[in-house]
Amino acid sequence: MAENNTHLKPSKPPIWNDPKYRSLFFQALLMFGLGLFIYTIVQNTLTNMEARGISTGFAFMSEKSGFDILQSLIPFNSDSTYGRTFIVGILNTLLVSALGIFFATILGFLIGVARLSNNWLLSKIATVYIETFRNIPLLIQIFFWYIVVLRAMPSARNSHSLFDSFFLNVRGLYLPAPVTESGFIYTVITFIIALIAVFILKNWAKKRQEATGQPFPVLLTSLGLLILAPLLVFLVTGSPLTWDVPVLKGFNFKGGISVIPELFALLLALTIYTAAFIAEIVRSGIKAVSHGQTEAALSLGLTPSQTLRFVVIPQAMRVIIPPMTSQYLNLLKNSSLATAIGYPDLVSVFMGTTLNQTGQAVEIIMMTMTVYLTFSLLISAFMNWYNAKMALTER
Amino acid sequence: MYITDKILPELPAPSSSKGVLHWLKTNLFSSPVNILITFLGLFLIYKIVPPAIQWAFIDATWVADTREECLGEGKGACWAYISNRFGQVMYGFYPPEEYWRPNLAGILLILLTSLLFIKQMPKKVWIGAFILLVFPFIAYFLIHGGSFGLSEVGTDKWGGLMLTLIISLVGIAAALPLGIILALGRRSTMPVVKSICVIFIEFWRGVPLITVLFMASVMLPLFLPEGSDFDKLARAMIGIILFQAAYVAEVVRGGLQAIPKGQYEASVAMGLSYWKSMNLIILPQALKLVIPGLVNTFIALFKDTTLVLIIGLFDLLAIIENVLGSDSSWLGFFTEGLVFAAFVFWIFCFSMSRYSMALERKLDTGHKH
């Protein structure tokens with residue numbers, strides 16, 4: 001028997017036809033080729049840089065920059081180092097991206113829902129919005145808002161104003177800034193306590209519902225807690241918050257928050273462009289929930305609002321979230337178009353001005369790409385985690 | 001048993017189940033909120049549409065020789081600004097007496113591609129291969145010249161809509177095969193191949209196109225052996241192709257994943273080699289599935305070509321922004337230029353997206369798993 005078995009074993013193919021060795025050989029060849037390619041590039045780069053007299057390394061990071069930046073979230077002046085321009089650039093990129101994501105999500109949801117509205121006019125307006133803005137290159141839209149709209153704004157003396165506290169003129173947008181006084185800390189503390197209370201309440205309500213079947217109006221109670229309690233404390237402590245309203249002094253406004261036109265134009269363009277894509281995602285997400293689900297929920301006796309909250313939205317979110325994150329990532333990457341109108345983001349400040357002044361192309365481009373890559377990978381990692389959490393648990 | 005012996009009289013139609021009034025009632029005025037929304041919408045349209053039409057058509061100046069003819073009280077858009085420089089908008093700094101060359105290349109491409117749309121056309125694969133492999137060289141010789149008795153026109157003279165189309169068409173044609181190989185590599189069982197492809201794809205997808213273009217224009221010359229310098233357009237093209245290939249790869253991977261495992265197993269059981277099973281069984285099915293996705297990638301690439309203005313190439317937008325915008329005899333018509341560029345891009349992108357949607361419906365043969 002044993003002899004027979006060995007006899008039945010398939011004959012071994014010759015080594016050049018054995019899939020195992022073939023794949024090993026092929027991979028070794030690929031590794032070698034890639035290694036050679038990288039080696040050549042590095043060698044070429046080093047020779048070229050030597051020939052052009054460019055020094056390598058990151059010593060330039062601690063040198064004095066000698067230029068000013070239009071907008072900076074941390075103190076910066078021309079005495080600051082090149083390293084600091086890197087930080088300023090990252091912060092400015094994050095600022096415009098965060099604001100853009102916030103506004104684009106809201107606008108996108110509104111337009112997406114409007115497109116599904118049974119009001120014919122509203123849904124057509126939403127369709128026209130989507131088809132117009134997502135088919136025009138973002139760069140054209142940025143130029144449009146920056147040059148055509150904001151440059152045409154009146155001078156500071158003739159600003160467009162709203163309630164005499166918001167002003168829009170050729171120098172940018174001016175908003176009132178909140179100023180906190182000494183007692184404001186109590187309102188903040190109350191808000192935090194209310195937040196913890198809501199968290200406990202949610203757990204308690206869930207346990208009670210599982211035990212008794214009695215639902216508890218968590219949403220209403222939490223909203224009440226979160227809004228009323230801090231408001232009460234705020235009023236009791238004597239409204240310790242005032243608004244620093246911008247005032248026209250001479251040729252410009254003083255006080256308040258000023259938004260430079262570059263930021264405002266970029267934000268407008270990013271928001272409007274991305275919202276068109278988000279609207280389509282929201283629409284397809286809501287449509288992806290089959291009508292049978294809604295009907296089943298209604299026939300179980302859920303009210304329409306409960307159907308929406310417990311049946312439609314959770315299922316739609318599962319479809320909406322993955323493409324939504326990739327839109328957020330796109331927005332972050334698209335914010336690099338800032339360089340076309342001179343908003344001081346990472347690409348404009350670091351890869352533009354700093355690169356021109358120092359000539360350290362390889363280091364600077366690598367650093368810039370690394371920053372974007374890091375954000376992308378972080379968001380992707382979060383996405384994968386979220387997807388795994390939200391995925392259907394099939395039995 | 002009860003059987004009626006006469007036909008029941010017809011019921012009258014419900015009072016309003018058809019007609020304009022009924023439609024208005026259900027679609028625009030079904031509830032107080034809807035009425036409010038309708039009026040707000042009408043107000044919005046009233047605020048935007050008539051002034052825009054007034055500006056763009058009624059008050060517009062279509063023909064003018066100088067800037068002054070466009071200025072004045074109650075004058076709208078100055079389209080004469082575009083039409084006077086139409087050659088530049090279309091071809092950049094290409095010598096006007098040679099315009100027939102890019103035109104010929106364009107017509108040739110349209111003719112060849114339209115052959116593919118004829119249903120009964122035999123040997124479509126060969127036509128496709130001709131377009132992808134041979135036509136680019138014909139087009140290059142036509143547009144660039146320098147041989148066959150054509151005068152040479154360097155790439156620094158290329159511009160306008162022509163350059164936009166060249167960049168996006170070459171970009172997608174070259175990125176497609178590279179992307180397919182990357183997608184296959186990403187699904188390979190060989191760990192080295194797989195990880196190289198994953199790193200390549202994720203790298204390009206994680207960085208903005210601007211940084212890629214900067215890299216192509218600043219770093220690429222450093223990578224090459226000393227003295228081998230090639231032109232700006234070629235460098236930008238390399239960057240765009242690599243960038244685009246990563247996106248194509250992800251779209252194709254989606255198609256590969258959608259093919260049921262049985263197809264892979266069947267092709268192996270038939271004794272087909274890896275490349276044969278991919279070429280004959282898997283890719284034809286997978287690529288058919290992802291055509292709409294590829295069209296969408298192409299639309300994105302087409303819009304992204306505007307970014308080349310940042311590294312100093314003169315595509316349609318750059319011509320309008322930098323060249324026409326800095327012409328002192330026609331100052332102050334930037335809006336018209338932008339609106340024109342937006343319109344051109346919109347036409348292209350919108351028709352492509354409609355085409356992709358139609359394809360999706362046509363190709364949806366119901367093989368959903």
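This is a predicted model: local features need pLDDT of at least 70, side-chain atom pairs count only at pLDDT 80 or more; totals for chains, interfaces and linings use all residues.
Housekeeping: residues are numbered from 1 along each chain as its sequence is written, while chains are lettered from A and ligands numbered from 1 in the order in which they are written. Local features need pLDDT of at least 70 and side-chain atom pairs count only at pLDDT 80 or more, whereas totals for chains, interfaces and linings use all residues.

**View 1. Chain A as a whole.**
Chain A carries 12 helices and 8 strands (DSSP runs numbered from the N terminus: helices are H or I with at least four residues, strands are E with at least two). Its C-alpha atoms fill a box of roughly 95 × 75 × 45 Å along the principal axes. Some 29% of the 395 residues of chain A count as buried, that is, with 20 or more other C-beta atoms within 10 Å of their own, C-beta atoms being placed from the backbone.

**View 2. H5(A) against H8(A).**
Helix H5 (residues 138-150) and helix H8 (residues 261-288), both of chain A, have axes that come within 9 Å and cross at roughly 135° (lines fitted to C-alpha atoms over the stretch in contact, with angles from 0 to 180 degrees between N-to-C directions). H5(A) and H8(A) are therefore oblique to each other, a label for whatever is left after under 35 degrees (roughly parallel), over 145 (roughly antiparallel) and 65 to 115 (roughly perpendicular). From H5(A), the residues in contact include A:Trp145 and A:Tyr146; on H8(A), A:Phe264 and A:Tyr273 are among them (contact means C-beta atoms, placed from the backbone, within 7 Å).

**View 3. H4(A) meets H2(B).**
Here the axes of helix H4 (residues 120-133) of chain A and H2(B) come within 8 Å and cross at roughly 40°. That pair is therefore oblique too. H4(A) brings A:Leu121, A:Leu122 and A:Ile125, and H2(B) answers with B:Ile37, B:Thr38, B:Gly41 and B:Leu44.

**View 4. The side of chain B that touches chain A.**
The contact takes 43 residues from chain B and 45 residues from chain A. Helices of chain B that each supply at least two residues to this side include H2 (32-58) and H14 (334-363). H14(B) gives the largest share, 10 residues.

Methods. Two residues are in contact if their C-beta atoms, placed from the backbone, lie within 7 Å. A residue is buried if 20 or more other C-beta atoms lie within 10 Å of its own, exposed if 12 or fewer, and partly exposed in between; C-beta atoms are placed from the backbone.
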